Amino acid sequence: MTKLDAVKYDADWVRAEEAKRKWMAENGLYTEDEEHSSCGVGLVVAVNGKSSRSVVEAGINALKAIWHRGAVDADGKTGDGAGIHVQIPAPFFYDQIRRTGHEPREDQLMAVGQVFLPRTDFGAQETCRTIVESEVLRMGYYIYGWRHVPVDVTCLGEKANATRPEIEQILISNSKGVDEETFERELYVIRRRVEKAAAAAGIGGLYIASLSCRSIIYKGMMLAEQVAVFYPDLMDERFESAFAIYHQRYSTNTFPQWWLAQPFRMLAHNGEINTLRGNTNWMKSHEIRMASSTFGDYAEDIKPIIAGGSSDSAALDSVFEVLVRAGRSAPMAKTMLVPESWSKQAVELPQAWRDMYSYCNSVMEPWDGPAALAMTDGRWVCAGLDRNGLRPMRYVVTGDGLVIARL
Amino acid sequence: MKKGKLFHDTQIKNKLAAALPFGEWVGKINDVEQTLSTVTEAAMFSGEELRRRQVAAGYTIEELEQILSPMAEEGKETLASMGDDTPSAVLSKMYRPLSHFFRQNFSQVTNPPIDSLREFRVMSLKTRFGNLKNVLEENSSQTEIVVLESPFVGNAQWDKLVTEFNAPLAEIDCSFDPAKGSLSQALERIRAEAEDAVRSGAGHLVLTDQYSDATRVAMPMILATSAVHSHLTRKGLRTFSSLNVRSAECIDPHYFAVLIGCGATVVNAYLAEDSLADRIDRGLLDGSLTENVARYREAIDQGLLKIMAKMGISVISSYRGGLNFEAVGLSRAMCAEFFPGMTSRISGIGVSGIQVKAEEIHAKGWNAADNILPIGGFYKARTSGETHAWEATSMHMLQMACNTASFEMWKRYSAKMQSNPPIHLRDLLDIKPMGKSVPIEEVESITSIRKRFVTPGMSLGALSPEAHKTLNVAMNRIGAKSDSGEGGEDPAHFVPEPNGDNPSAKIKQVASGRFGVTAEYLNQCEELEIKVAQGAKPGEGGQLPGMKVTDLIARLRHSTKGVTLISPPPHHDIYSIEDLAQLIYDLKQINPRCKVTVKLVAASGVGTIAAGVAKAKADVILISGHNGGTGASPATSIKYAGLPWEMGLTEAHQVLAMNNLRERVTLRTDGGLRTGRDIVMAAMLGAEEYGIGTAALIAMGCIMVRQCQSNTCPVGVCTQDEALRGKFTGNADKVVNLITFYAQEVREILASIGARSMDEVIGRADLLAQVSRGSAHLDDLDLNPLLITVDGAAEIVYNRDKERNAVPDTLDSEIVRDAARFLQDGEKMQLSYAVQNTHRSVGTRTSSHIVRNFGMRNAFQPDHLTVKLQGSAGQSLGAFAAPGLKLEVSGDANDYVGKGLSGGTIVVRPPMASPLKASENTIVGNTVLYGATDGYLFAAGRAGERFAVRNSGASVVVEGCGACGCEYMTGGVAVILGSIGADFGAGMTGGMAYLYDPEGKAQTMMNMESLVTCPVTVEHWNTQLKTLIERHLEETGSRKAAEILQNWDLEQGNFLQVCPIEMLQNLKYPLSHEKTAVPAE
């Protein structure tokens, strides 16, 4: 691979590579829509719902064991993306807030946003911060400040490093004192507004990996076993959680794109949604009525529910998130989107189930294709398979009360 | 989690199902299936008017006789063979319905297609009508809808259906008078009418072309449907109304699929039904119209399921409106407007062109004096019909050339091929010189060029043994490669012939059926080819009917003579790309030297898949065009799935180059390479090696009778019939001549353009120029996307002789080192290791050494080399394990245990200290014993899904299994001491299974289509069962086995014996002493 060595992986390389892909998509037979990815995914959850260090550690260790489900680029270090989704460890972040000189308002809920910003273009970076801050303030919440997330870049491949964003956390307090559900829903609206504002300003490098008062996502273009090396936060003894959803991606693409790493905000998905185009079209019609009833005045902010250019997993995540934000529980949202095949089973399903699935069939088109899903709405953590059970998934309940599922 | 509680599947569903009054709500659903099944069908048009309408809708006698009638008679789609050699729709001079421009999507590698026949339980065509309400509400208004079991509606059913609708209906006339306005304006009109109707409260729209007449031309209903669907979607109105289509042009499942993919809720093919009525009146069809329409509906339903299944979609409500097609030759502007989201990379016919064509065919029907139905010629060559590349003269010239070794004749043949009207995209291209021509002596030799040729995978089963061997011998003589195809190879081929010829194929194929794939087979080759899809029917499985399974084939495929063999649509160990990487890893373990090829079919997105395949460490990627194929396939699969190789190859080359992966792999292509010019063009588009299938068959005597599917090949090429095989006139010399001619012509072309070697022109798409833009009515047939070069592509070094891409070692590197005495001298040994789930394919490389040193039929004890492992074994434990090797795991094992097991023994049991109840916990993962041919597996615990899928010889005892157990099994014995999952034994045609079923529940979980069951009463079977359970106890110490054996006299009555119906006549011992237990066939 002598030729590769000659390539210098820097911002120029990134720009050239992006330009090449764009040109190819316009002039050649390459279509970005055709990029595929699949993965290893799984979850660890404490049955008693208590957060602990051991859950996070089990998640990190599980990531190390699924390395072979991912692919490695020519430089031997750039992975196709990996990540972990955990609860927000309040004590850890309270300490971070203290370090900024604030005293955490422990009587108010705290939210943390994991934000990818443009790294080399400082002007754009500052614009992005401004966009995020103004949307948070506009919704009436208090901002403690930004935290630069410590990272160890030595474990990154050169290509991954070249495309690495600036990773920061925004720390927010529920100064309005709304209930947790409303806080989550408004954080969701904030995120959608930020995304739209960034798009309107023509800034591509802004991406919010998570913005929630319940959980946070650490992800990036590293090998699965390096997630905790890259993010030393995860190794901190104060970093505790009651669940961990982890994901390792294997993509056909070789150009590292950080935001494509999973888990997404609610779910991690291994597989492929074959009916994406149909589902996306139908959502365009559904969303008109869906948005207005739940989000009222904010309806326009969250549309389109599925952003243009979303991957199948990202699109499913978006719809899943809307259903949950509108009050459906994670298991019900899963049942609506990815129901079992119910109409022709050899063993008759209980009538109540058949009725439920028949109802689902009346209101929603299934998202069909092989899938293993690990998801959370902050209250429920679930894992599920597609209607055909095509993806392998296994789970164990350990003696000390952890459920570990590998999909 | 908040509640601190773990809910299992059942609990959650119970909780959810009880939360809301779903039962009451769904009571409001109006299921009209029953009502519609009672109506008597009636024709709309007949006589003179019918014929005018038939001609105006482009019907031909061929279409009626070969496509429509068989569906009404058999309830199934017609089979055809020998691929497609007609022009791409956009290049044709004839009228081609718009559906011909649509290519079906299919899945390969990144997700599995589904078997719509055997796994019908997951599939659904349930169609709902009406105003769909807010998804987020939870009340009964959401269920006030009408549902139907299929989107097919007959004429009389239609009239009945509209009376059931619970909302106003609006009919929109989809015909136009060209004297008063263009098609484009008419499309505007129907869009406006549709929007207006929905806004005024219509819950159902009807689009119909039935009002076309002498002045009004029918719109292509595909265009009309998509125009309205996309318009309503853009306006956010689509869910407020159903969209029902009546189309004259619609006959075959493909047309139905395109309409539904464009958004149609139901389709009424009224003119097809009228044509059936007409044939019944004329005595050409038996039975009533109602019966015929019912069978026609069945055929369409099956066809739709197959089309959905091939891309892995199982429910039609998610397929509807998804435009899961790729257009070839539709104007990009028109696609953006009327088919938003559908890929169309080669532009072509637009709305105005379509109008020209529609008016032309309309005039033929309504204005001509003699409106006789044309004869057709789309499926088989006819003089007055569509162009076919292979017709009598060209075939004769090719055979003459090969028979008489006449290059002169070949040149005439080649000139004849080039004088055909354009058939392929490449026919619009020409080769530009690189520089001044060079003397031919300076160009790479014929011998060297010939090595780049391959005869692609055609199985023994499709081909006669004579034809199969001839190809191998010929290709080996010239240092080129032949491909065994699926179905194994006679071990007799592994030693040279008396005259020195080598009859063994250099490339061995590994296909989804895994027939004959043993450790020995995998070690007798230079290259292993994983066939992910095949050009004739990508995304579909295959079936070798019992009549073609001769003694020889049964022996090679480890099955039983006369018993049907099924190849599943997906490889059950490849559901996504990392699974493929695992299979490549397995193959590189079992064969330490061979390269691994992955065969893909051209489709949009094949480039990114190729990039993933390259990252999975494949060495060669084969891009097959859609048009090849000896195999019998449904006619619409041959015609409408997959792309020409030009597009697939180019995309793969471009995307690999863009990702700096091009050097890692060799690119090969096939699918209608007929002349030296085709080869040079393929080279310029990026291919380094070239597959010659159909031409090689013709050289051996094939005359394209296109009846490979019926075992009646008159020239003995594609038949297993003894008498017909006697007529085989092919020989190796003819094939050698063929390849030599190709090479010679290539050499001449290279000399003429100033190139001295093949390598100089590979990937040089810049040396091609478009010289024709097709017919005048086309918008712009632009082939430029094929011709671009990627930045940096000039530096790519093409080296076909490089080492294979290395894979990391596994535990076997230690085992092989420690077992040196066994592997050298055959000394009995026992080794012990700790194992982790990152140790994959344990025992595989060791097995390679065993078969290479001692062969498959060695004299070892089953436990001659015992490897004891403690811990969690990774994927593919004991893959292709050979006789003499025994793996004992104390712990558990991941997916693919005993994949391709070839005589070895595998034991998996829980660690002694485990507190878990073994029989209730999963100990081995999914897809255990896939393609196993021999050996034993004892696992003291449950197995996952698809246990023993395609097992053809291994004996196994487990304590329960997940869904789809023993699917497609053709041999071996499976004993299951616990509960089974759904769909047990689907497509099982051989072997025997015993289920421990004290509660009598097993029967309900089985797919009984091909099976019989009975208690175990006959001594022979009882002994077989008991012996295996005893051995299970001995190997694993299973508590469950101990309990059963303790009360054997009582417990043996709790076993259910499962036997495939087709095996009954082949059993040495009866299943029962009483006659009644065996159903009459």
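**Reading aromatic rings**

Trainee: Are Tyr996(B) and Phe1055(B) buried or exposed?
Mentor: Both Tyr996(B) and Phe1055(B) are buried. Keep in mind that this is a predicted model.

Trainee: What describes a pair of aromatic rings?
Mentor: Two values do: the distance of the centres and the angle of the planes. Over all chains, this structure holds 33 aromatic pairs. One of them joins Phe453(B) and Tyr742(B). Their centres are 5.6 Å apart, with 40° between the planes. That pair is tilted.

Trainee: Which parts of chain B does that pair tie together?
Mentor: Phe453(B) belongs to strand 15 (residues 453-455), and Tyr742(B) to helix 28 (residues 732-753). The pair therefore ties together parts that are 289 residues apart in sequence.

Trainee: Why does Phe453(B) count as buried?
Mentor: Because its relative accessibility is 0%, and buried means under 20%. Tyr742(B) also counts as buried, at 0%.

Trainee: Why is the pair of Tyr996(B) and Phe1055(B) tilted?
Mentor: The ring centres are 5.2 Å apart and the planes stand at 50°, so the pair is tilted. Tyr996(B) lies in strand 36 (residues 990-996) of chain B, and Phe1055(B) in strand 38 (residues 1055-1060), so this contact ties together parts 59 residues apart in sequence.

Trainee: Which rings link into a cluster?
Mentor: Look at chain A. Ring pairs link a cluster there, including Phe92(A), Tyr207(A), Tyr218(A), Trp258(A) and Trp259(A).

Trainee: Where does the charged end of Arg1031(B) sit?
Mentor: Over the ring of Tyr936(B), 4.7 Å from its centre. In chain A, Arg129(A) lies over the face of Trp146(A), 6.0 Å from the ring centre.

Key
Residues are numbered from 1 along each chain as its sequence is written. Chains are lettered from A and ligands numbered from 1 in the order in which they are written. This is a predicted model: local features need pLDDT of at least 70, side-chain atom pairs count only at pLDDT 80 or more; totals for chains, interfaces and linings use all residues. Side-chain values use heavy atoms; hydrogens and water are left out. Rings of Phe, Tyr and Trp (its six-membered ring) pair if their centres lie within 6.5 Å; planes under 30 degrees apart count as stacked, over 60 as edge-to-face and the rest as tilted. Helices (H or I, at least four residues) and strands (E, at least two) are DSSP runs, numbered from the N terminus. Buried means under 20% relative accessible area, exposed over 50%, partly exposed in between (1.4 Å probe, protein chains only). A charge sits over a ring if NZ of Lys or CZ of Arg is within 6 Å of the ring centre and within 35 degrees of the ring normal.
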